[in-house]
Amino acid sequence: MDYIEIEPNQKPNGKVRISGAKNAALPLLASTILSKNSIAIKNLPDVVDINTLLKLLQILGASYTKEKHCIKIDGSKINKTTATYDIVKTMRASILVLGPLLSRFNHCEVSLPGGCAIGTRPVDLHLSALEKLGAKIEIKDGYILATCKDGLKGANIVFDKITVTGSENIIMACALAHGSSTLINVAKEPEVVQLCKVLSDAGVDIKGIGTDTLVIKGSNQKLLDFKDFTIIPDRIEAGTYLCVGAITNSALTVTHVKPEHMISIIEKFEEMGYGIELTDDTITILPTKEIKPVHIVTTEYPGFPTDMQAQFMAVATQANGTSVIDERLFENRFMHIAELKRMGAKISINGTTATIENSSDRLTGTKVMATDLRASSSLVIASLIADSTTTIDRIYHLDRGYEHLENKFKNIGIDIKRKKYDTK
Ligand code: EPZ
């Protein structure tokens, strides 16, 4: 089991090149199940979750060649329809193969994804929408057995809650369905928008892209002729590195980003007193005379993203005053608080709201444990201003969503040592 050791008092400087978005790449890779041709995809992030999905697609029959951040993948030869528990349990976003497999093959067997640290994360909205499209859904031995004898049929679907992967699953299912579907209350995250654009470029008639209502004319199960594409930048990775600049009150630039995807994050940095400089594809955070407290309520895009909540909480420990963070999307996304408190942070929880007092004396370096992807990054951020060395266990969480973490930190002058416990 690896762990990382981070020395205190490290201030970053320079630029961080941001990778392609994991949460865009996952649905886009799943969408290759709908393709009749080989597709070249650029800016693919080299993270564990992507490699897990590629393994699943290969088991289903897809073939691919990968050269660093570029991949050529052919989903047309897929001939299996079972996503087994041993893969799905390692990455719940594997559920994204459900919609495309069902729409192409009229049946599939996908393991129910387990819950995870941040919540039970049900998939009821995915399943009820597929039933509206004519699917028969049965849950047996922990698997979703989905069938639709003559193919999915277009329908009007209202999502009772906004769900990102639920929207993506159903958009892909509708793309090959017979007839037209209207989807209402669809997620508008940039990652959902890129999936719609790639499907539209592949010939699917989609109206309302970027809004919460989509009208999708299915291809009547004809496979799609995909065009090559480049994955959009990872707005959460970019926000995470900007938090590194914020907590150390240093100037730091993230490059190869789309600032227009990060308005709510940028505004929260400005609320805390930081200067922000933008170009078309870079964001620079500048030091502030006084780190002001912040009030955050996480909500769906374009509101403040839940995936940035833990990172801002680490920064808020340094604010001159009391900050309040209300986590509205997941019922258990405060696992990082216990770890931050072990470092001396003064944080209290009342239901979905965390109150962060100014930690007058500095955080102390100690042994802490990563519990989920974004919680682990908040511990890395906090360790940079601790008064002594911090050790972070279970860093496999970090590797799921942050590409080449040590290298990127090294390039901005921050030394993160990855070590192994002696197993003898
Ligand atoms: C996506 O997860 C992201 N993952 C998450 O990022 C992100 O935190 C989340 O969206 C919210 O933005 C990927 O895109 C791969 P949801 P997803 O369905 O789709 C409830 C990261 O750190 N819900 O939008 O699983 C659910 O419990 C990850 O990169 C149902 O009740 O999230 C939650 O409360 C973590 N029934 C809310 O909706 C359903 O069928 C939003 O969940 C589906 C969801």
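Okay, one definition before we start: two strands count as paired if DSSP finds at least two bridges between them. And please keep in mind that what we're looking at is a predicted model.

So, with that in hand, go to strand β19, residues 323-326. β19 and β21 pair in the antiparallel sense, over four bridges. If you want a spot to look at, Val324 stands opposite Thr355 in β21.

Now, β21 also has a partner in β20. Strand β20 covers residues 346-350, and five bridges join β20 to β21, again running antiparallel. Here Ser348 stands opposite Thr355. What do β20 and β21 form, with two residues between them? They make a hairpin, and Gly351 in the turn has a positive phi of about 65 degrees.

One more thing on β21, which is residues 353-357. Which residues are on its covered face, and which on the uncovered one? Ala354 and Ile356 make up the covered face, while Thr353, Thr355 and Glu357 sit on the uncovered one.

Okay, another sheet. This one is open, has four strands with mixed pairing, and goes in the order β22-β23-β1-β24. At the edges you find β22, residues 367-369, and β24, residues 416-420, each pairing on one side only. On average, neighbouring strands in this sheet are turned by 25 degrees against each other, direction ignored. Within it, β1, residues 2-6, runs antiparallel to β24, with five bridges joining them. Glu5 stands opposite Lys417 there.

Let's switch to helices. Find α6 at residues 164-175 and α7 at residues 190-201: they pack at an angle of about 10 degrees, and their axes are 10 Å apart. Because angles under 35 degrees count as roughly parallel, α6 is roughly parallel to α7. Who meets whom? From α6 we have Val164, Glu168, Ile171, Met172 and Ala175, and from α7 Glu191, Val192, Leu195, Cys196 and Leu199. Sort the residues of this α6 and α7 contact by class and you get eight nonpolar, two charged and no polar ones.

Next up, α4, residues 98-105. Just after α4 comes Asn106, with a positive phi of about 70 degrees.

Last stop: two loop residues. His178 is in the loop between α6 and β11. Is His178 buried or partly exposed? Its relative accessibility is 27%, so it counts as partly exposed. Its side chain makes a polar contact with the side chain of Gln221, at 2.9 Å. Leaving out residues up to four places away in sequence, His178 touches several others, including Asp150, Lys153 and Asn220. For a sense of distance, the C-alpha atoms of His178 and Tyr396 are separated by 42 Å, and those two residues are 218 apart along the chain.

The other one is Ser219, in the loop between β13 and β14. Ser219 has 15% relative accessibility, so it counts as buried. With residues up to four places away in sequence not counted, Ser219 touches Ala175, Leu176, Ala177 and Leu224. You've met Ala175 already: it's one of the α6 residues that meet α7.

That's my tour, thanks!

Definitions and conventions. Residues are numbered from 1 along each chain as its sequence is written. This is a predicted model: local features need pLDDT of at least 70, side-chain atom pairs count only at pLDDT 80 or more; totals for chains, interfaces and linings use all residues. Side-chain values use heavy atoms; hydrogens and water are left out. Axes are lines fitted to C-alpha atoms, for helices over the stretch in contact, and angles run from 0 to 180 degrees between N-to-C directions. Angles under 35 degrees count as roughly parallel, over 145 as roughly antiparallel, 65 to 115 as roughly perpendicular and the rest as oblique. Contact means heavy atoms within 4.5 Å. Ala, Val, Leu, Ile, Met, Phe, Trp, Tyr, Cys and Pro count as nonpolar, Asp, Glu, Lys and Arg as charged, and the others, Gly among them, as polar. Buried means under 20% relative accessible area, exposed over 50%, partly exposed in between (1.4 Å probe, protein chains only). A polar contact is a pair of N or O atoms within 3.5 Å; within protein, one must be able to donate a hydrogen and the other to accept it, and residues adjacent in sequence count only if both atoms are side-chain atoms.
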